[in-house]
Amino acid sequence: MGEFEPEAWTPLTPPAAFAMPTQPAPTGPAGIPPQPVAPAPVAPDPALSWTAMTPPADRPVVTFGEPEGYDEQARPVPLAARLRSRTTVAAVCVVLGFGLIGGAATGSWLTGGSGDDGAPDTFAAAAELWHSIPVDQLFPPTVQGTGAGPGGADRTWTRIAVAPDSGCQNAFDPLLRKVLAPAGCRRLLRATYTDATRSYVTTVGLLFTKADAAAMSSLDARFRKEGLDRRADLMPRPYAAKDTLAAAFGDKQRASWTVSVLTDTPVVVFAVSGWADGRTVDTPQPAADATQSGATADPAQAGLGNEAQGLSDRIERAFRKTADAATEEPS
């Protein structure tokens with residue numbers, strides 16, 4: 001209402017023209033004076049009414065403006081304009097949101113996907129990598145084994161032979177072949193390495209199975225539960241390439257081994273080690289035991305458990321890295 005204060009209303013004095021004439025007071029019977037006559041009512045000036053259409057010239061005009069708010073810099077802004085602006089922005093956001101959702105849905109329809117996950121089936125894709133990845137990526141010519149030796153010593157392995165890719169016939173002892181049979185055999189890849197001193201030879205392999213993720217998980221659970229990776233009658237066979245340092249690396253020369261069933265790809269990684277001079281081993285020892293502190297068996301003392309475990313671990317890591325890169329969805 002501003003600083004305006006309404007004037008107090010006071011009745012107006014009727015003009016002289018409307019004054020009542022003076023008459024002598026009549027007397028009633030028995031000397032009773034007559035009752036006074038009430039003056040005629042006087043209507044208030046219409047100009048002073050709250051409902052008057054046109055205010056007097058000397059009275060201020062009061063108007064009710066739009067309510068104000070404040071912007072980020074404390075400047076007054078009409079709330080109506082601000083509300084209109086916010087309503088417009090909200091409407092634009094809704095339109096854009098529906099547009100993005102519609103675009104995503106259209107994209108999934110065009111590509112035949114669900115729209116929830118466009119990633120390829122990396123498990124199935126990994127099963128085909130055996131024929132699409134160069135051998136030097138699967139089995140590098142030189143493998144560095146930092147801290148892989150006994151007491152954390154470093155190791156370096158040099159590849160001396162690569163077996164032709166093949167099936168699994170005659171590649172495993174009969175009992176191991178029976179254990180692996182539920183997973184199937186798609187392809188078997190192997191290579192043989194020697195250490196920097198050329199004292200030891202180690203064959204490392206990648207068995208690409210035909211199994212799905214559930215079957216690989218079941219096989220891994222069986223190996224763990226039954227301790228199949230520690231049984232000497234389930235040792236993998238070496239690849240003894242002719243005219244190499246591993247030419248005499250046969251079944252009787254196997255000293256230590258490891259078998260790892262992967263569950264994120266249909267692959268079994270294994271390694272088996274022995275002496276390069278062809279000596280036989282009466283009591284082979286699994287790498288899991290030969291690498292334990294305080295182990296006294298010959299394979300453990302010679303570090304052959306570290307040879308098998310260290311090389312297998314690094315070939316497995318390289319394969320996982322290659323598989324991840326090969327099956328990533330293009331950006």
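Analyst: Two strands are said to pair if DSSP finds at least two bridges between them. Strands (E, at least two residues) and helices (H or I, at least four) are DSSP runs, numbered from the N terminus. The model is predicted, so local features need pLDDT of at least 70 and side-chain atom pairs count only at pLDDT 80 or more, while totals for chains, interfaces and linings use all residues. Residues are numbered from 1 along each chain as its sequence is written, and side-chain values use heavy atoms, with hydrogens and water left out.

The sheet is open and holds seven strands in the order E3-E4-E5-E6-E8-E7-E9, with mixed pairing. Strand E3 (142–145) and strand E9 (285–286) each have a single partner strand and stand at the edges, so one side of each lacks a neighbour in the sheet.

Strand E6 (residues 200–208) runs antiparallel to E8 and is joined to it by nine bridges; here threonine 203 stands opposite valine 272. Strand E7 (residues 256–261) is also antiparallel to E8, over six bridges, with valine 259 facing phenylalanine 270.

The pairing of E7 with E9, by contrast, is parallel and spans two bridges. In this pair, serine 256 stands opposite glutamine 285. Helix H5 packs on the sheet and touches E7 and E8, its direction making about 145° with that of E7. Contact means heavy atoms within 4.5 Å. Axes are lines fitted to C-alpha atoms, for helices over the stretch in contact, and angles run from 0 to 180 degrees between N-to-C directions.

The next topic is the nonpolar core, a set of buried Ala, Val, Leu, Ile, Met, Phe, Trp, Tyr and Cys residues joined through side-chain atoms within 4.5 Å. The largest has 27 residues, and Phe172, Leu219 and Phe223 have the most contacts inside it. Helix H4 (174–180), E6, H5 (213–226), E7 and E8 each supply at least two of its residues. Among the residues that phenylalanine 223 touches are Leu176, Val179, Val259 and Val261. A second, separate core of 24 residues includes Tyr193, Val269, Ala271 and Ala323.

Notes: Buried < 20%, exposed > 50% of the residue type's maximum accessible area, 1.4 Å probe, protein only. Lists of a residue's contacts leave out its neighbours within four places in sequence.
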